Amino acid sequence: MASPAECKVGLRFEKVDKRYGTVYALRNLTLTIAPGECVALAGRNGSGKTTLLRIAANLTRPTRGSLSFSESTENQNPHTGFVAHATMVYDELTAEENLLFFAKLLGVTKRKERVAELLFEVGLGERKDSLVRTFSRGMRQRVAIARALLANPSLLLFDEPATGLDPEATTWLIGRLRTLRDSGCTIVMSLHGESEVARLATRAVRLEAGSVVADTRAGTTFQSVLSFTGS
Amino acid sequence: MGLLSNAAALLGKEVRTEFRSRELLSTTIVFVLIVVVLFSFTFDPTTNESHRFGPGLLWLAFLFAASLMLQPCFLREQTNDTLSALRLAVSDPFAIFLAKIGANTLFLLLTELLMLPVFAALFNVNFRGQLPGILLTFLLGSLGISTAGTALAAISAQARMRELLLPLLLLPLLAPILVASTEVTVGLMSADPAMQWKGIGFLAVFDVVFLTALWLFGEYLLEE
């Protein structure tokens, strides 16, 4: 599995529409994300952030338009890590079993060591043998984040990553994301307004009714794009 | 990871989670037991009638049980959106189907094997000398039910009225399996037992056709 430094991934959404019945989740959206960028997606509920992330993860197909990936190295196998609203882990398995299972599917080498390392990082080393269904929302989110990081992803997609996390875990997450961003991992995260996590972003994109209405890199307009009051 | 190693890892997870919760197996076994006992009480068959109608009733009970058992196989993946995590992790989505089919076949076979002595006692049927033939029929029949059923469970899981949709689609589609399995089982449980190779061949072809279709088009069934 390629590490972010070995394989940088960029994305290009080209005139993408996504329609559920008669409702457009995305409408004629064109957006290019360069390899190694850390993009914060802002917007109200229903603005299309989650749909955009699911299309980027290849979990949903656009109704019209296309998504293409650009990779800086061709012979590597880039992996996408995705943390969604749902935790995407099994309640009937323990934290360790969940991570070992996904590590096996992803072909992670030295699985036990990698899983132990991540469980320790997310602060669940002592609860590794507990069933996930006994965990609080925040603990489940930590398992979800650990699952997404298992295979050193080149592209990380986060749908409100700090949901349910306590301040300590949020601080850890920010530190981890900063390291990943600095190592060249492309990160796209949806956020609700300004937050500590948003400060990591090198670019802010605001969606309204499925279209990009503001797109800025660090500067004076950055915070207004992230906040709900900006336009 | 390759298709088979992915499927093996997924099958291991399916078996582990089921044997930990025992939700599906216990429900299905109790359901089949109730149906077989009710059939026995309702018809109160003689030995001759048992040989003629018993296998049909048995396979009907298995079919009803399967429609109950297959329903949650994809619905459970929706609880925490784990299906998305699987789609991101496996290179070939057919591995997900292979694992689900393997697990469903295993659970169905287990139910059938547990029910066989109960059926034999209630319907006064002797199957002892025909066990290899019966096991082969159960295996091919269960594989067919699981293959078609898993495909339909994937479709119905994304639909509204999903609890009603699966039995509505499944029971007519599995009618050929019901007929062929019953014919073979009748032949094996008759006074002069004989293996109906034509029926066995039909079951094998049904399994291969549905597995191939799933291999070709399964990816689309998992999409949102």
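**Note on the predicted two-chain model**

1. Pro62(A) sits in the loop of chain A that runs between helix H1 (49-56) and strand S4 (64-71). Helices here are DSSP runs of H or I with at least four residues, strands are runs of E with at least two, and both are numbered from the N terminus. This is a predicted model, in which local features need pLDDT of at least 70 and side-chain atom pairs count only at pLDDT 80 or more, while totals for chains, interfaces and linings use all residues. Residues are numbered from 1 along each chain as its sequence is written, and chains are lettered from A and ligands numbered from 1 in the order in which they are written.

2. Is Pro62(A) buried or exposed? Pro62(A) is buried, because 20 other C-beta atoms lie within 10 Å. The cut-offs are 20 or more other C-beta atoms within 10 Å of a residue's own for buried, 12 or fewer for exposed, and anything in between for partly exposed, with C-beta atoms placed from the backbone. Leaving out residues up to four places away in sequence, Pro62(A) touches Val16(A), Asp17(A), Lys18(A), Ile55(A) and Leu67(A). A contact requires C-beta atoms, placed from the backbone, within 7 Å. Phe120(A) is 58 residues from Pro62(A) along the chain, and their C-alpha atoms are separated by 38 Å.

3. Chain A as a whole has six helices and nine strands. Of its 231 residues, 48% are buried. Among contacts in chain A with a separation of 6 or more, 74% are between residues 24 or more positions apart.

4. Lys18(A), one of the residues touched by Pro62(A), has Leu26(A) in S2(A) as its bridge partner. The strands concerned are S1 (residues 9-20) and S2 (residues 23-33) of chain A, which pair in the antiparallel sense over seven bridges. Strands count as paired if DSSP finds at least two bridges between them. The hairpin of S1(A) and S2(A) has two residues between the strands, and Gly21(A) there takes a positive phi near 65 degrees.

5. Chain A also holds an open sheet of six strands with mixed pairing, in the order S5-S6-S7-S3-S8-S9. S5 and strand S9 (211-217) of chain A are the edge strands, each pairing on one side only. With direction ignored, neighbouring strands of this sheet are turned by 15 degrees against each other on average. H1(A) packs on the sheet, where it touches strand S3 (38-42), S6, S7 and strand S8 (203-208) of chain A; the direction of H1(A) makes about 150 degrees with that of S7(A). Axes are lines fitted to C-alpha atoms, for helices over the stretch in contact, and angles run from 0 to 180 degrees between N-to-C directions.

6. Within this sheet, strand S6 (residues 155-159) and strand S7 (residues 186-190) of chain A run parallel and are joined by five bridges. Leu156(A) has Ile187(A) in S7(A) as its bridge partner, and Leu157(A) has Val188(A). S5(A) and S6(A) also pair in the parallel sense, over four bridges; here Val83(A) is partnered by Phe158(A) in S6(A).

7. Why is S6(A) described as largely enclosed by the rest of the structure? Five of the five residues of S6(A) are buried. Both faces are covered, with Leu155(A), Leu157(A) and Asp159(A) buried on one side and Leu156(A) and Phe158(A) on the other.

8. In chain B, helix H3 (residues 47-70) and helix H7 (residues 131-156) pack at an angle of about 40 degrees, with their axes 10 Å apart. H3(B) is therefore oblique to H7(B). Angles under 35 degrees count as roughly parallel, over 145 as roughly antiparallel, 65 to 115 as roughly perpendicular and the rest as oblique. Leu63(B), Ala66(B) and Leu70(B) in H3(B) meet Ile145(B), Gly149(B), Thr150(B) and Ala153(B) in H7(B). This contact divides into five nonpolar, two polar and no charged residues. Ala, Val, Leu, Ile, Met, Phe, Trp, Tyr, Cys and Pro count as nonpolar, Asp, Glu, Lys and Arg as charged, and the others, Gly among them, as polar.

9. The contact between the chains takes 22 residues from chain A and 18 residues from chain B. On the side of chain A that touches chain B, strand S5 (80-83) and helix H2 (95-106) are the elements that give two or more residues. H2(A) gives the most, with five residues.

Note on methods: Two residues are in contact if their C-beta atoms, placed from the backbone, lie within 7 Å.
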